[in-house]
Amino acid sequence: MARPARSDLGLLVLRLGTGAVLAAHGAQKLAGWFGGGGIEGTTAAMEAMGFHPPRHSAVAAGLGEAGGGALLALGLATPAAGAAAAGAMAGAVAVHAPAGFFAQGGGYEYPAFLGFTAAAIGLAGPGRYSVDRLTRHCFDRPWTVALAFAGSAVAAAAVVGRRARGRRVAVDPDAT
């Protein structure tokens, strides 16, 4: 097998695996599949974790994971898919960060890994075996990479920052 074909096959396997994990995780949030809480349970969890408005946060997290994961698996709109999934994982990292790095202690190891992997796929592109290639990369242009990642970074920073401010006020009502 020639080198380019091996790289494309590797990207396919990475996209399928990462996309499937993210899509399943998002389906737990949105539809209650695979033992998840569905939108109502996720909304309650978002409120308990300090995300406001909680229902909007639940929908955004679920769509970022399920939608971003499904698009990554397909290799469709790959920059936007990678950015959306990475942004959703940035929120999960913020939740788990107080517990440290390692997942066994409730840390952010797992969501960080998923976020970095999704971002890397979004930046590297989908490879030869993708819907993006079939559509002549109409959703995978150089400018979409910059726009998708900039938008995701701004949105994640706003959501995580708003949550942090809300948590500070909950602990100290005089905090601004």
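I started with D8, which counts as buried because its relative accessibility is 12%, under the 20% cut-off. A reminder to myself: this is a predicted model.

Next I looked up where D8 sits, and found it in helix α1, residues 3-31. Leaving out residues up to four places away in sequence, I see D8 touching G127, R128 and Y129.

Then I turned to the nonpolar cores. Which residues make up the largest one? I list eight: L22, L72, A81, A85, M89, L114, A118 and I121. Helices α4 (78-96) and α5 (109-124) each supply at least two residues of this core.

With residues up to four places away in sequence not counted, A81 touches G68, L71, L72 and L76. L72 is a core member too.

On to the aromatic rings. My search of the whole structure gave three aromatic pairs. One of them is F101 with F102: the centres are 4.9 Å apart and the planes stand at 80°, so I note the pair as edge-to-face. F101 also pairs with Y108, again edge-to-face, at 5.3 Å centre to centre and 85° between the planes. I can write F101, F102 and Y108 down as one aromatic cluster.

F102 counts as exposed because its relative accessibility is 52%, over the 50% cut-off. F101, at 40%, counts as partly exposed, and Y108, at 27%, counts as partly exposed.

Technical notes. Residues are numbered from 1 along each chain as its sequence is written. This is a predicted model: local features need pLDDT of at least 70, side-chain atom pairs count only at pLDDT 80 or more; totals for chains, interfaces and linings use all residues. Side-chain values use heavy atoms; hydrogens and water are left out. A nonpolar core is a set of buried Ala, Val, Leu, Ile, Met, Phe, Trp, Tyr and Cys residues joined through side-chain atoms within 4.5 Å. Buried means under 20% relative accessible area, exposed over 50%, partly exposed in between (1.4 Å probe, protein chains only). Helices (H or I, at least four residues) and strands (E, at least two) are DSSP runs, numbered from the N terminus. Contact means heavy atoms within 4.5 Å. Rings of Phe, Tyr and Trp (its six-membered ring) pair if their centres lie within 6.5 Å; planes under 30 degrees apart count as stacked, over 60 as edge-to-face and the rest as tilted.
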